[in-house]
Amino acid sequence: MATKILFAPKQSDAVLEIARSLTPAGFELLIAEFGTPEFYAAAGQAEYYLGLARQMGGEFFRSAPNLKLVQLLSAGYDRVDIEAARKAGVPVSNTGGANAIAVAEHTLMLILAVLKRVVRFHNDVVAGKWRVGGFDDQRVYELSRRTLGIVGLGNIGKKVARRAAAFDMTVQYYDIARLTEAEEDALGVRFVLLPELLRSSDVVSLHVPLDDSTRHLLGAAEFAQMKPGGVLINTCRGPVVDEPPAKDHPLFHLPNVTLTPHSAGPTWENWTARFRNGFDNILRVAAGRAPKWVIPELQKS
């Protein structure tokens, strides 16, 4: 009998075709939506969960008593109840950096979009305004010789650093886990404390997981430390910035703000990479080996 993998939430037919094509022999995907009777029926049979983090608290873990691994297709895991997973004795792994290239590219796109005023110029041209104002009041800037401050130098942060170097940016970083001097030299970065990073960076880019130590990491006091004209890029979780905007927030109408939905990670290419990593980790556990990419809170010391 095939080993059952609960897959949720449902995705498009094209994405599901990728999942089915990579499902290892001897395993069966049970596809269901969270909260439905089908979901709980499948959870009762499943030894593995593969998918995105949604309603993953005590009820979820109690409904899946045979679960050996929660394998997420995302980097973020803030919707997983860590204590419920710990109580159930189930490891939770994220995507193993499968979306790191996509988010790093998105980060550079946003930096360029802000410094080059891409959205405003596009909107002007669409409105029939070929040139509005002079060069002085619509300044655009080069990345070359500007300082990028990366907060969180993990998989994504390192890839951002390498891409920023290609634009001749100076890169500094803050992270609770420092690189060795040799690693810093190889990557072309240097460590600074967070207040120093905020004061001295032209662009500050956030790449940290959302947990108790990073929630509201940046707020009014931190913004006040940044350079006049400094740029903040946030491609990690929204609550890392203590500025949750309401629907009518003035932020949405500022010409120097560029906003994108939760779209940085899921490129078409990395659906395959995420499924490949996920199935590989499931196979590791099925073979009696320890899973990779277990989230820090559940790693055994």
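Let's start with helix α1, residues 13-22, where Val 15, Leu 16, Ile 18 and Ala 19 are buried. Around the axis these residues cover an arc of only 150°, which puts them on the same side of α1. Their packing partners are β1 (3-8), β2 (27-31) and α11 (268-286). Now turn to the face of α1 directed away from the buried side: there you will find the exposed residues Asp 13 and Ser 21. Keep in mind as you look around that this is a predicted model.

Next comes helix α7, residues 155-166. Its twelve residues, at 1.5 Å a residue, should span 16 Å, and this agrees with the 18 Å between its end C-alpha atoms. Which residues of α7 are buried? They are Ile 156, Gly 157, Val 160, Ala 161 and Ala 164. Looking down the axis of α7, you would see the buried residues fall within an arc of 140°, so they line one face of the helix. Among the elements that cover them are α5 (100-115), β6 (147-151), β7 (170-174), α8 and β8 (189-191). After α7 comes Asp 168, which has a positive phi, near 65°.

Finally, let's visit Glu 184, which sits in helix α8, residues 181-187. Glu 184 is buried, yet has no salt bridge. The side chain of Glu 184 does make a polar contact of 2.6 Å with that of Tyr 173. Beyond its neighbours within four places in sequence, Glu 184 is in contact with residues including Leu 179, Val 189, Arg 190 and Phe 191.

Note on methods: Residues numbered from 1 in each chain as written. Predicted model: local features only at pLDDT ≥ 70, side-chain atom pairs only at ≥ 80, totals over all residues. Heavy atoms only, no water. Helix = DSSP H or I, 4+ residues; strand = E, 2+ residues; numbered from the N terminus. Buried < 20%, exposed > 50% of the residue type's maximum accessible area, 1.4 Å probe, protein only. Lys, Arg positive; Asp, Glu negative; His and termini not counted. Salt bridge = Lys/Arg side-chain N within 4 Å of Asp/Glu carboxyl O. Polar contact = N/O pair within 3.5 Å; in protein donor to acceptor, adjacent residues only side chain to side chain. Contact = heavy atoms within 4.5 Å. Expected span 1.5 Å × (residues − 1). Arc of directions from axis to C-beta.
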